[in-house]
Amino acid sequence: MRETIHPAYGPVVFRDRAADYTFLTRSTLSATAGGRTIEWEDGHTYPVVDVEISNVSHPFYTGTARVLDTAGRVERFERRYGKRGGS
């Protein structure tokens, strides 16, 4: 890889404030952390990026996702307004 065209890639702590959850990973977002840092469990200081939602607080991963009943909505519409077309 050429040195001048790729962004810096390094360790970053992502913090989900809604679930009070943090995790350490590598990302190119280390430069955009805005100077905020956090001391991690290993004693090192890393840039921190706050995120709105993560796998810990997302409804799909937590099992609290609601499934929309589109078939029921169609049937209710057809009952209310009648079927159109064919016969």
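Start by selecting Arg15, Arg17, Arg36 and Asp50: these residues are tied together in a network of salt bridges. Keep in mind that you're looking at a predicted model. The structure has three salt bridges, and we'll walk through them one at a time.

Zoom in on Arg15 and Asp50. They form a salt bridge, with their closest N and O atoms 2.6 Å apart. Now trace the chain between them: Arg15 sits in strand β1 (residues 10–16) and Asp50 in strand β4 (residues 45–51), so this pair links distant parts of the chain, 35 residues apart. Show the surface for a moment, and you'll find Asp50 partly exposed, at 27% relative accessibility.

Arg17 belongs to the loop between β1 and β2 (21–27), and 33 residues separate it from Asp50 over in strand β4. With 56% relative accessibility, Arg17 counts as exposed.

Then bring in Arg36. Here the closest N and O atoms of the salt bridge with Asp50 are 3.6 Å apart. Look for Arg36 in the loop between β2 and β3 (37–39), 14 residues from Asp50. Arg36 is partly exposed, at 40% relative accessibility.

For the last stop, leave the network and select Arg73, Arg76, Arg79 and Arg80. What do they make on the surface? They gather in a patch of positive charge. Click on Arg80, which lies in helix α2 (residues 70–81). Is Arg80 buried or exposed? Its relative accessible area is 58%, and anything over 50% counts as exposed, so Arg80 is exposed.

Key. Residues are numbered from 1 along each chain as its sequence is written. This is a predicted model: local features need pLDDT of at least 70, side-chain atom pairs count only at pLDDT 80 or more; totals for chains, interfaces and linings use all residues. Side-chain values use heavy atoms; hydrogens and water are left out. Patches are made of residues with over 30% relative accessible area and no salt bridge: like charges are joined within 9 Å, nonpolar side chains (Val, Leu, Ile, Met, Phe, Trp, Tyr) within 5 Å. Accessible areas come from the Shrake-Rupley method with a 1.4 Å probe; for residues, only the protein chains shown count as cover. A salt bridge is a side-chain nitrogen of Lys or Arg within 4 Å of a carboxyl oxygen of Asp or Glu. Lys and Arg count as positive and Asp and Glu as negative; His and the chain ends are not counted. The place of a charge is taken as NZ of Lys, CZ of Arg, CG of Asp or CD of Glu. Helices (H or I, at least four residues) and strands (E, at least two) are DSSP runs, numbered from the N terminus. Buried means under 20% relative accessible area, exposed over 50%, partly exposed in between (1.4 Å probe, protein chains only).
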